[in-house]
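Student: I would like to go through this model term by term. Please set each value against the definition behind it.

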Amino acid sequence: MFYGIILESARDGVTLFHGETVWKRVVHELKLPSETFTLFARYDQKILFDICDCMPHVLHEGTPESFLEFFGEDFVRYFVNFGFDKILRVAGRTLRDFLFAIDQLHDSNRFTFPQMDQPLFHVTEENESGATLVYKSVRHGFARYAIGGLSAAAKTLFQEHIKMDILHDWSTKEYAHIAFWVEFKNTGFHQKRISHFPSLPELNGVTFFRVFPFSILMDSTLRIHCMGEKIMAVFPEETPLIGRPLDQVFRLIRPDILIEWDKVLSYGRHIVFLMENRLQLRVGPTGKIQLKGQMKYIENKNMLWFLCHPVLESADDMISIGLHLTDLNLFDSTSDLLITGIHQEREIESAIFKQHLWTKKLPAVRRKLNFCHKKNQALLYSTMPKHIALLLQSGIHANSICECQPLITILFVYVLDLKSITHHLHAADAIICLNNVIILFDTIADKYDVFKVEIKADASYMLVAGIHDQSHMLEGNNRIEISSRRLLNIRVENNDEEDNGEEEEEEEECNKNPSGLNATEIIAALSLDFAHASERTYNPISNKPFHLKFGFHSGTAIGGIVGTRNYQYCLFGDTVGTASQITTTGEIGRIHLSHSIQSFD
């Protein structure tokens, strides 16, 4: 498990460098529950690997490993843009300092990401041409992610181009344990600043541990030689501490190494140590104290000095350990952070409560958004064929859309009573009357696989059947973009009743032609339905059925978008004119068709 900021940075990188269409296709392919991720929520790390596996399939380039490295690089960009760049910039003056401080950077985020399983980065060797960086983590498979992140950090923060290779891989089932060779110009390797300090009087042990009440001094066998009085005070008086091995009194939490002199000495130069008591405290068996600090080597005594402070996040922690504010150091910020944290605790709880409320509302908002999206799509598809709408959505310029429809059937219906209605009725009543006729026709047409082209001012109703997607004739790049758009329109539905209802509507819409009729047969069946329905529709002036003419013709036509505003899909060609003439010259109440219809099966 890891925090959503890693996945959100990956999403941001895909949309920024490859486009939102690609990301939406990845979401569809992997059936992800949402297109975005909550920064501070916890997610399964498998999601990131699934995205890396999916990207080469979507883009037809790259490998899962290359995209994992890309996401590592992009995490640094996202981290910097999100406002955390100051944390990175204060890590060191040079890239060498930064490598030594990586572990401290992870530790500094423990309040922001308290459940983070932070990896361990440790420089073991170095020379003028680079350094050996040892990486250890409970998560497997993130070596390339680490390479990408470190390369981006070096370039962004220090304008350095580094090269990283894997020297050794000691990984086990429990840990990923890898040694990298980081090649760069290590100018700070031999630089040492000469300082002249004034001589100071010698300090005795009592004074030393009064100044540093939270500290432990160990000899070369890692036995406790001396201990600060504040640490000793939390243990029972009868518990012997001086002279005991360190690992009998404390358990080393971080770094995850054996408590051995050479290893502690090696890691102690730049790794933050975190220890927890093994022995029972004065407050009882449930009491736990964690000490965090740095190991300092005292060369002239051949001893290690653990300069530390207690890890306290709330007043409850102090009570459980048996400490008070007067026990804390006055020269560090432990007491200030503790007091400030108590005041901010209620504000954080309130913010978390509000976040939970919004999280509960999120499914309902998502369903509403999907519903509105469906209505918008339905409105768009009612103004133009679906494949034309997809062309526009994919970025194709509207006026560049022009396609030849090799065989379509066009039906015209003329309402001859329009003139008498407009002369004898008020405008509003005339519109209502005409609207009733059109709604009746629309209701019938919705049952067939046809597209309503337009209603003209002369009350002519134009329908067409047989319009097919001709986008396969486009250039390769446009064709790929359109294919992606089609996939995006297959929305991943939630498993609830409302979504099931929407799925049923979509299936019903796709089954408007279950018998597999051709365009001419569809229009013929539709014309009969129109004719039968018109017998039950009466003119309010004459109180007789409306006088209607029907006519259709099949042939070739050119289709496209006309204009730059109020986009309208239009058909042009002799087929349109012939169908109109057949209708206008026909008899009232009869369905007329051209001779060419007979040649189409």
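Student: Which residue is the bridge partner of Asp169 in S6?

Tutor: The bridge partner of Asp169 is Ile178. This is a predicted model, in which local features need pLDDT of at least 70, side-chain atom pairs count only at pLDDT 80 or more, and totals for chains, interfaces and linings use all residues. Residues are numbered from 1 along each chain as its sequence is written, and side-chain values use heavy atoms, without hydrogens or water.

Student: What makes S5 and S6 paired strands?

Tutor: Strands are DSSP runs of E with at least two residues, helices are runs of H or I with at least four, and both are numbered from the N terminus. Two strands pair if DSSP finds at least two bridges between them. Six bridges join strand S5 (residues 163–169) to S6, and the two run antiparallel, so they meet the criterion for a pair. S5 and S6 form a hairpin, with six residues between them.

Student: How many bridges join S4 to S6?

Tutor: Eight bridges join strand S4 (residues 130–137) to S6, again antiparallel. In one of them, Gly130 has Glu183 in S6 as its partner.

Student: Why is strand S6 called mostly covered?

Tutor: Buried means under 20% relative accessible area, exposed over 50%, and partly exposed in between, with a 1.4 Å probe and protein chains only. Six of the eight residues of S6 (residues 176–183) are buried.

Student: Why do S8 and S9 count as edge strands?

Tutor: The open sheet has six strands in the order S8-S7-S12-S11-S10-S9, with antiparallel pairing. Strand S8 (224–227) and strand S9 (250–254) each have a single partner strand, so one side of each has no neighbour in the sheet. The twist averages 30 degrees from one strand to the next, with axes fitted to C-alpha atoms, for helices over the stretch in contact, and angles from 0 to 180 degrees between N-to-C directions.

Student: How many cavities does a search of the whole structure find?

Tutor: It finds two cavities of 30 Å³ or more. A cavity is a set of points on a 1 Å grid over the protein atoms alone where a 1.4 Å probe fits but cannot get out; lining residues have an atom within 4 Å of a point. About 720 Å³ of space lies in the largest cavity. Of its 29 lining residues, the closest to the centre are Phe75, His106, Pro119, Phe121 and Tyr145.

Student: Which helix gives the most to the lining of the largest cavity?

Tutor: H4 does, with six residues.

Technical notes:
1 Å grid on protein atoms, 1.4 Å probe; cavity = no way out; pocket = protein on both sides within 12 Å on 5 of 7 lines; lining within 4 Å. Points joined across faces, edges and corners; volume = space filled by probe spheres on them.
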